[in-house]
Amino acid sequence: MEWLNILIVEDETPLAEMHAEFIRQNGGCRQIWLAGTLAQARAMTERFKPDLILLDNFLPDGQGITLLRELTLSGYRGGIVFITAASDMHTCSQAIRNGAFDYIIKPVSYKRLRNSLERFMQFVQTQRTFKIIDQDNVDALYNLQSKQFSSEPSAKGIETNTLELVQALFIAQPAVAHAVEDVVEQVGISKTTARRYLEYCVATQFVRVEMLYGNIGHPRRLYRKA
């Protein structure tokens, strides 16, 4: 993704910064911009012409689906990935009809986001490779956009705001290995809840597990940012 310029449209600044940090740590890109409103997104899209927009739907001055329609009509040549809490079929259908490359429902699995970014890169590179197309070339492009992602862990019982608080702890201290008790104390949740969110972060490859072995008793399970 080194050559991609990416615009993240998200009104929750900590969440937008987490997306940006994840992208930088997983292949990076040329430039990342953050926009918190539709007005900012319009202005930055016009000025910077990003290759890819990560677009939330619920913004202070309107809905991201409106911007998607506008960009489709204006001939915008980049890609758009919806990353939103909008889980109704109507919004999803509108996004697909207006050319969204992908649709990711919050809370975001970073494994799922990485999959989407990798497929978009392959999609763009494939377009550049084919000068004259045949049916196999067309099928390859459609397969990249519609390729199924079957290894997504269940997000049942995972609430977006709490997940962001847990993830923020690791982003702020990426070199520190945290125990469940650390998350309980710093996030203010129960031990059972902390374990559930930590294991979700492990499943989505946001953190990794390290075992600390002592002289007596069971080893401690520690978590460090992946």
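Select helices α3 and α4 to begin: the two are roughly parallel to each other, because their axes cross at roughly 20° and angles under 35 degrees count as roughly parallel. The model on screen is predicted.

**Stop 1: α3 and α4**

Colour residues 64–74 for α3 and residues 89–97 for α4. The two axes come within 10 Å. Look along the pair and the handedness can be checked: α3 passes α4 in a left-handed crossing. Now show side chains. On α3, pick Ile 65, Leu 68 and Arg 69; on α4, pick Thr 91, Gln 94 and Ala 95. These residues make the contact. Sorted by class, the contact has 3 nonpolar, 2 polar and 1 charged residues.

**Stop 2: α8 and α9**

Move to residues 180–188, which form α8, and residues 191–203, which form α9. How are these two helices oriented to each other? They are roughly perpendicular, since the axes cross at roughly 110° and the range for that label is 65 to 115 degrees. The axes come within 9 Å. The crossing of α8 past α9 is right-handed.

Select Val 180, Glu 181, Val 183 and Val 184 on the α8 side. They meet Lys 191, Ala 194, Arg 195 and Leu 198 on the α9 side. The class count for this contact is 5 nonpolar, no polar and 3 charged residues.

**Stop 3: Leu 4**

Is Leu 4 buried or exposed? Its relative accessibility is 0%, so Leu 4 counts as buried; the cut-off for buried is under 20%.

To see what surrounds Leu 4, leave aside its neighbours within four places in sequence and display its remaining contacts. These are Cys 29, Arg 30, Gln 31, Asp 51, Phe 120 and Met 121.

**Stop 4: the whole protein**

Clear the selection and switch to a cartoon view. The protein has 9 helices and 9 strands. Of its 226 residues, 47% are buried. Considering contacts with a separation of 6 or more, 62% join residues 24 or more positions apart.

Methods
Residues numbered from 1 in each chain as written. Predicted model: local features only at pLDDT ≥ 70, side-chain atom pairs only at ≥ 80, totals over all residues. Heavy atoms only, no water. Axes fitted to C-alpha atoms, helices over the stretch in contact; angles between N-to-C directions. Helix = DSSP H or I, 4+ residues; strand = E, 2+ residues; numbered from the N terminus. Parallel < 35°, antiparallel > 145°, perpendicular 65-115°, else oblique. Left-handed = near helix turned anticlockwise from the far one by under 90°. Contact = heavy atoms within 4.5 Å. Nonpolar A, V, L, I, M, F, W, Y, C, P; charged D, E, K, R; others polar. Buried < 20%, exposed > 50% of the residue type's maximum accessible area, 1.4 Å probe, protein only.
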